[in-house]
Amino acid sequence: MIVRTLDEILGTDRDVRAENGNWVSRRLLLKNDGMGFSFHETIIFKGTETHIHYKNHLEAVYCVGGEGEIEELATGRIHPISDGTLYALNNHDDHLLRATTADLRLICAFNPPLTGREMHNADGVYPLVE
Ligand code: 9YT
């Protein structure tokens, strides 16, 4: 059994800050934990916009705090996000993620799991790391 707290992760290599400063992500579970998915708590900072396009991963995101929106780039549709909203990128959806009036607190699961070494490239993609 794995039992882990956020406090144990803070300040370790599981506590990752985006290069552009838009978010921090605490990786509670990664590929080497053997669960078949990775599981993160991510804080998207108020006033930021992030282009994300996970061409190699599926991601489900559940908001537990804050306020923001997601814009689907294929259609221009904008969906509000607040405590209790889930979105799932079941079609590798290209999108913009914005935290508007408050930092967004998001719980995220990735399939396949992140190893922890991926970096968003200029198009908001994470490469597949074996
Ligand atoms: C919601 C989202 O995808 N944010 C970007 C960070 C990502 N959750 C991560 O790397 O943990």
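Two rings of Phe, Tyr or Trp form an aromatic pair if their centres lie within 6.5 Å. Planes over 60 degrees apart make the pair edge-to-face. This report applies that rule, among others, to a predicted model.

## Overall build

The protein chain holds one helix and eight strands. The order from the N terminus is α-β-β-β-β-β-β-β-β. For 130 residues, a compact globule would have a radius of gyration near 14 Å, and the chain agrees because its value is 14 Å. Along the principal axes, the C-alpha atoms fill a box of roughly 40 × 30 × 25 Å.

Of the 130 residues, 42% count as buried. Contacts also reach across the sequence. Take those between residues at least 6 apart in sequence: 61% of them join residues at least 24 apart.

## The aromatic pair

How many aromatic pairs does a search of the whole structure find? The search finds one. The partners are Tyr 54 and Phe 110, with ring centres 5.0 Å apart and planes at 75°, so the pair is edge-to-face. Tyr 54 sits in the loop between β4 (49–52) and β5, while Phe 110 belongs to strand β8, so the pair ties together parts 56 residues apart in sequence. Tyr 54 and Phe 110 are both buried.

## The cavity

A probe the size of a water molecule, rolled over the atoms, shows where empty space is left. In this model the count is one cavity of 30 Å³ or more. The largest cavity holds about 140 Å³ of space.

Its lining is made of 17 residues. Which of them lie nearest the centre? They are Thr 42, Ile 52, Tyr 54, Glu 59 and Cys 108.

Four strands each give at least two residues to the lining: β2 (23–29), β3 (38–44), β5 (58–72) and β8 (95–111). Strand β8 gives the most, with four residues. By type, the lining divides into eleven nonpolar, four polar and two charged residues.

The table gives the relative accessibility of each.

| Residue | Relative accessibility | Class |
|---|---|---|
| His 40 | 1% | buried |
| Val 64 | 26% | partly exposed |
| His 92 | 29% | partly exposed |
| Gly 47 | 66% | exposed |

His 40 lies in strand β3. Is His 40 buried or exposed? It counts as buried, because its relative accessibility is 1% and buried means under 20%. Leaving aside neighbours within four places in sequence, His 40 is in contact with a list of residues that includes Ser 25, Arg 27, Leu 29, Cys 108 and Leu 114. Arg 4 is 36 residues from His 40 in sequence and 12 Å from it in space, C-alpha to C-alpha.

Val 64 is part of strand β5. Its value of 26% makes it partly exposed. Beyond its neighbours within four places in sequence, Val 64 is in contact with Asp 83, Arg 105 and Ile 107. Val 64 and Leu 104 are 40 residues apart in sequence, and their C-alpha atoms are 7.9 Å apart in space.

Gly 47 is placed in the loop between β3 and β4. It counts as exposed, because its 66% is over the 50% cut-off. Gly 47 and Gly 68 are 21 residues apart in sequence and 9.1 Å apart in space, C-alpha to C-alpha.

## Backbone details

Most residues other than glycine have a negative phi, and most peptide bonds are trans. Two places in this model call for a look.

His 92 is in the loop between β7 (86–88) and β8.

Pro 112 lies in the segment after β8.

Terms used: Residues are numbered from 1 along each chain as its sequence is written. This is a predicted model: local features need pLDDT of at least 70, side-chain atom pairs count only at pLDDT 80 or more; totals for chains, interfaces and linings use all residues. Side-chain values use heavy atoms; hydrogens and water are left out. On a 1 Å grid over the protein atoms alone, a cavity is a set of points where a 1.4 Å probe fits but cannot get out, and a pocket is an open set with protein on both sides within 12 Å along at least five of seven lines; lining residues have an atom within 4 Å of a point. Grid points are joined across faces, edges and corners, and a volume is the space filled by probe spheres set on the points. Ala, Val, Leu, Ile, Met, Phe, Trp, Tyr, Cys and Pro count as nonpolar, Asp, Glu, Lys and Arg as charged, and the others, Gly among them, as polar. Rings of Phe, Tyr and Trp (its six-membered ring) pair if their centres lie within 6.5 Å; planes under 30 degrees apart count as stacked, over 60 as edge-to-face and the rest as tilted. Buried means under 20% relative accessible area, exposed over 50%, partly exposed in between (1.4 Å probe, protein chains only). The radius of gyration is taken over C-alpha atoms; the globule rule is 2.2 Å times the number of residues to the power 0.38. Contact means heavy atoms within 4.5 Å.
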